Amino acid sequence: MTAAQPTERASAPGKVNLFFAAGPPRPDGYHDVASLYCAVGTGETVTATPTRHTGTTVDVAAVPGSLVAQQIERGTFSLDAVPRDGSNLAVRAARAVLERFPVLPGGLHLRIDKAVPVAGGMGGGSADAAAALTAVNRLAARVSGEPALDDDALLRLAAGLGADVPFALTGGAAVGTGTGARLRPVAVGAPLHLVLVAAEAGLSTPAVYAELDRLRAHRDVAPPRLPAGLEELLGAGAAAELAPLLDNDLQAAALSLAPRLQPVLAAGAAAGALASLVSGSGPTVAHLVADAAAAEDLADVLRGQGAPALAVRAP
Ligand code: ATP
């Protein structure tokens, strides 16, 4: 009889950007941003198990009821779109931990339970990376009996994997500056109630930034900043007052590439949402509503119209 393999499981949230401003393109091609990240009540889980063979294997399942599961039911998405090789951000995260902490004699299997739409602007791949960093770090510590990498070491690894990975590791709400990886946590007085609506096809983040640069090519672009009062209103839990300040520089670019998002945004206003905006580089749309009952009602209506929709709290 073989002993049961040790297994470690960790979760990380998807995100919306309640506010997102991007500066002009920098010489290195990145953009400085001012982002108000907020974790949402739907996210990814990664389970890490050692294997006898070398290398990392991946399998992916949809979380029942999630936006991903709804996309699959409607035939607009297949889990085949998630890479199983070394380009998967969870695999890159696992390798980053094992380079610092090389204790597994064989290989590793990662199971990803996916809830966040792929290429949806909700940081799904980043959440997989964050969950994998945590799970593989715990697994390596358990197998070796050595202390796990501390939070600062994990945050450094996260920043090396992508601008949104540090936030996926910390969750809550935070202002992100630089490329988005420099985080300052902010207080939230009361959770916000959102309805997330997934689109039929994803948008590539680099393509959305390229479109933003094209649309702004002959304009002076101010350095990115959060509007005055935004943090205070979030801290006060004042959703109705917060609503007019929510904004996303990438929304015009996402709409230019995916005009079908316009009626999705308009459906929020028609249903009395406080605000509706594209999340990050899109195409997922977030409607801010007054309370949990309004969120469930709007999600029901939108699902009835055929859209994958989910009521969540944030954070
Ligand atoms: P962000 O909002 O952080 O810019 P996103 O949420 O729009 O990103 P992701 O779902 O993270 O987009 O994935 C974008 C691309 O990255 C996918 O099209 C896929 O090819 C690749 N990818 C790598 N790892 C993963 C992963 N674990 N899950 C999904 N896609 C991944």
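Me: Which residues does Leu133 touch, not counting residues up to four places away in sequence?
Reply: Leu133 touches Ala93, Val97, Leu154, Leu157, Ala158, Leu161, Val165 and Leu169, where contact means heavy atoms within 4.5 Å. Please note that this is a predicted model, in which local features need pLDDT of at least 70, side-chain atom pairs count only at pLDDT 80 or more, and totals for chains, interfaces and linings use all residues. Residues are numbered from 1 along each chain as its sequence is written, and side-chain values use heavy atoms, with hydrogens and water left out.

Me: And the largest nonpolar core, which residues touch the most other members there?
Reply: Val97, Leu108, Leu110 and Leu133 do, in a core of 40 residues. A nonpolar core is a set of buried Ala, Val, Leu, Ile, Met, Phe, Trp, Tyr and Cys residues joined through side-chain atoms within 4.5 Å. Buried means under 20% relative accessible area, exposed over 50%, and partly exposed in between (1.4 Å probe, protein chains only).

Me: Which element gives the most to this core?
Reply: H3 does, with eleven residues. Helices (H or I, at least four residues) and strands (E, at least two) are DSSP runs, numbered from the N terminus.

Me: Changing topic, how is the chain divided into domains?
Reply: Domain 1 covers 8-184 and domain 2 covers 190-314; the bounds come from an automatic or database domain assignment. Their C-alpha centres lie 22 Å apart.

Me: What area is buried between domain 1 and domain 2?
Reply: About 3100 Å², of which carbon and sulfur atoms give 65%. Buried area is the accessible area (1.4 Å probe) that two parts lose on being put together, summed over both. In domain 1, Leu18, Phe19 and Phe20 lose the most area to domain 2, together 20% of what that side buries.

Me: How many salt bridges cross that interface?
Reply: The rule finds one, a salt bridge being a side-chain nitrogen of Lys or Arg within 4 Å of a carboxyl oxygen of Asp or Glu. The whole structure has eleven.

Me: Where in the chain are Glu8 and Arg142, which also pair up?
Reply: Glu8 is in strand S1 and Arg142 in helix H3, 134 residues apart. Their salt bridge is 2.9 Å, N to O.

Me: Is Glu8 buried or exposed?
Reply: Glu8 is buried, at 14% relative accessible area, whereas Arg142 is partly exposed at 47%.
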